[in-house]
Amino acid sequence: MSEEVKKYLIFTIEKESYGIPISKVQEVIRYMPITRLHEASRFLKGVVNLRGKIIPIVDMRLKFGLPEKPYTDRTVFIIVEILGLRDVNHIGLAVDGVKDVVDIPDTAVNRTPEIGFRFKSKYLYGIVQLQDTMVLILNLDSILTTEEVVELGQQVQQTT
Amino acid sequence: MTVEKKSALRTQVHALNSLLAGYEPGDLLKGVDIRDTLSSLKKEMESLPHMDKLLQLTRHLIRVAEALADPEKEPHAMNLLRSTGKDYEAFLAGSLSAKEFSERIRARSSLFQQVLRGQKEPTVSRRDQPEVDTESGRLEPAETESRRTEKGKPSKNADGQGSPAEVRTGYGEGYFDGIVEDEKLLSQFYLEAKEHLEEAQSALVELEYDPTNKELINNLFRNFHTIKGSSAFLGLRNVEELSHAVEDLLALVREGKIFLTKELIDLVFHGMEILRNLLEGMQINEFRPQDMKKSFQIIEIFPYIGLMRRVLEQYKYRKIGEILAEEGKITLQDLQHLLKRQQETEKKIGELAVEEKIATTEDVLEALKKQKSQVAKVKRLGYVKVSNEKLNTLIDIVGELVINQSMLKQELLERSGVDRGERNISQLETITTTIKNLVLSMGMTPISEIFTKLRVVARNTAEELGKSVYLEMRGEDTELDRNVIETIYDPLIHIIRNSIDHGIEDAEERQRKGKDKVGRIILAAEHKGSGIEIIIEDDGKGIDPELVKAKAVELGLVKREEAEELSLKDTYGFLFLPGFSTSSAVTTVSGRGVGLDVVKKNLDSIHGRVEVVSEKDRFTRFIIRLPLTLAIIEGFVTRVGENKYVFPFSAIEEIKVIDPAEILASENGNGSEALIYHRGMHIPVLKAHKVFKEEEKGRDDRILSLLFSLDQSRYCVVVDDLIGKQEIVIKNLSDTLLQECPYFSGGTIFGDGSIGFVVDMQGFLEALK
């Protein structure tokens, strides 16, 4: 059976690597000033103007319950497409940096172990080992449509 | 002829000619003026000797002027009046001999005949006419007129069946005499015509979506053409004339001279309805010509035919000379003069006007431009279909273009000494602004686009169910975002079909209830607050809330005890639950049902809300409230904390600068529960910072606030800075954001690229509760 190979965008937060299917990614843009929204939940930093579209920026560090870190030149926004109620929503993810785009065959994606990982497996699609790094493949739709903070990073740090 | 009298005559003739030159097709008032002037001219002549010939001619002219009211004859009548009027003037001025004059009139005799054919006999007030007619025949060199009248009169009398002009007010004597006495043929025609009408109807409905489809237009044309042909053969003159009128219009459409607008489509539909009535009139009377005639008498076709003619008139365009005269660029006398010259030289009026130094080249060019735009209006072809996706992208990109442009300008201005660059940049600015406005307007569509389609839906549904329904539309020109319009189309169809199917009772029942036999549905749209409200109201049997409650209890949606206490709003809310609506029990009992859950789902997807209000046996009203996603609003831009916030301008009553000393009942000195007494009212002072969680570092001496009026209550909203009123293009904020901040209806991007938030006042107030 021919195995399906998908491309994934690998980005980093703290020292961890995460992957999301490239088909979800519209583009990666450099950091640009954010119009802050104070009233929004903590990880929803504010909005940016991307060529006339207003795009909310979710800080993935905060979303994963990590301490806030000031944005640097290395900070990038990954603009992803999320299926909303009505149509496709665009959301920007603030991450520490992007690393690579890699081909990962479906068979290489290991299911998340139910035990040993305390975080909800619904936020994870699977785990992939790339050389010596472990990449967590995220289930973006469920991460971004929930209002709760996904305690992901911390858990991973503990397990590694 | 005394000199005095003669000059009086000349003045009259001159006045007449000015009137004639200023006449526009369909201008009934001017037509009456012309007739009056002619009458007084006639009186003047009556008082003079040796004027029999002119008097005679004038009497005819009065009748010609009467023919102006008949759109078909109008152009000819006008030509006649204008040319004859000029001859009058020339004759009185002495530049035209009597002989030449009569020759000219003779040359026009066929035209006279044509115009006067079938024209009503002069009314009682001019009963002297016949005598003079006979008299004039004997009198001196008046042979021209006498010949003309002799020709004109017989044809008029011979035309026993009456002529269009005569029939305009009703069916003339013997109008229906030509009907073939063959019931079989008539019934065959009936079936055939019905079929053609069916075909025409479906073609027309499709044309509403695709108005340039040649094939459909041809089909439509053929249908009416066939009906016209067969009805003429059978002597059904009313059917013939009616279908002829429609055919005339369609012929122009087919030739590409007119664009088939929704108004025209409606007009054709209207004609079809009358045709259908005529056909029914035949069938009801079992095709017995004698009885049919009686039914036919009742059904008026002439107002429609008249209307059709007037519509066709509109699609003619005006001449350069008329435009110039109307603009006051040249006087009417000049125009007369030019027209005369034109006959001699065959040059264009515009050229002549410039040659004679009557008008400047610019004026003529301007008039030419006007004429061209009229032609363009007449044609109105050349629509291009663009996908919504492309359009949306275009709107976004253009927004970005504007922003980049202004940033570039800023940068250049900072570097001094680039004069040339500055000029270029301001030119660029003009261009981008034009593009922006154009593109934005492309995104907006008047709601009439779907209202018209709904009219067809209503028409078809009513027909299917054998009910008669009148659909009244209001606020069709309310502009909405194209995307919103597309999403609400299906829900509206559902609601309208439901209203006709289950709301409106059949005719007998309505009569029993003392209602008008024809059901009435109101479809209205208007801007309300920062959104748009669409109302669909029928005057049918309404929804009984008790039945809805009973059903809800039965389905276990609410406990029996609780059901009693449900508000009307909550009760009707059940109707939108899936499964609830599809229940046949509700459909038959309360009369509402299928698809309301779908309606709600569709509206939810664009942040729209729907609500029902009803009263048993009186009405059911659906109120749909839509946000102005992507629409343009008048907004008042303010700064609160570090961000810009836009308040809907429509709700703002005034800008109020509050002196801290004015604040009453301040509980903790911070003004969190403050009131002011202003214009005889106690108005709460609300801090916008609290809702937006912005930092407060307001100045103490002067508090800037906006005074809002909402649902009869007033509020002062304190902001940090007032930036000003602007046209705001509302951008969608993503769902994620709106969930968090329900007090925003959207966002916007300003010229400098910064982002502002558009405040939804309802949500804003709720956030403070």
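Biologist: Which residue in β5(A) is the bridge partner of Arg36(A)?
Modeller: Bearing in mind that this is a predicted model, Arg36(A) is partnered by Gly46(A) in β5(A). The strands β4(A) and β5(A), the latter spanning residues 44-50, run antiparallel and are joined by two bridges.

Biologist: And what is the strand order in the sheet they belong to?
Modeller: The order in chain A is β3-β7-β8-β6-β5-β4, an open sheet of six strands with mixed pairing. Its edge strands are β3 (25-30) and β4 (35-36) of chain A, each of which pairs on one side only.

Biologist: Moving to chain B, how many residues of β9(B) are buried?
Modeller: Five of the six residues in β9(B), which covers 643-648, are buried, so the strand is mostly covered. β9(B) pairs with β17(B), residues 755-759, in the parallel sense over three bridges, and Tyr645(B) stands opposite Phe757(B) there.

Biologist: Which residues have the most contacts inside the largest nonpolar core?
Modeller: Those are Leu138(A), Cys716(B) and Val759(B), in a core of 82 residues. Leaving aside neighbours within four places in sequence, Val759(B) is in contact with Tyr645(B), Val646(B), Phe647(B), Tyr743(B), Phe744(B) and Phe764(B). Another core, of 39 residues, lies apart from that one and includes Ile217(B), Leu234(B), Leu249(B) and Val253(B).

Biologist: Now the helices: at what angle do α10(B) and α13(B) pack?
Modeller: α10(B), residues 183-209, and α13(B), residues 262-284, pack at about 160°, with their axes 10 Å apart. Angles over 145 degrees count as roughly antiparallel, and the two helices are therefore roughly antiparallel to each other. Their crossing is left-handed. Among the residues making the contact are Leu186(B), Tyr190(B) and Leu197(B) of α10(B), and Ile265(B), Phe269(B) and Leu279(B) of α13(B).

Biologist: Is Phe287(B) buried or exposed?
Modeller: Phe287(B) is buried, because it has 20 other C-beta atoms within 10 Å and the cut-off for buried is 20 or more.

Biologist: And where is Gln131(A) found?
Modeller: Gln131(A) is in the loop between β10 (124-130) and β11 (133-138) of chain A, and its phi is also positive, near 45°. Gln131(A) is exposed, because 5 other C-beta atoms lie within 10 Å and 12 or fewer counts as exposed.

Key:
Residues numbered from 1 in each chain as written. Chains lettered and ligands numbered in written order. Predicted model: local features only at pLDDT ≥ 70, side-chain atom pairs only at ≥ 80, totals over all residues. Pairing = 2+ DSSP bridges. Helix = DSSP H or I, 4+ residues; strand = E, 2+ residues; numbered from the N terminus. Core = buried A, V, L, I, M, F, W, Y, C linked by C-beta atoms within 7 Å. Contact = placed C-beta atoms within 7 Å. Axes fitted to C-alpha atoms, helices over the stretch in contact; angles between N-to-C directions. Parallel < 35°, antiparallel > 145°, perpendicular 65-115°, else oblique. Left-handed = near helix turned anticlockwise from the far one by under 90°.
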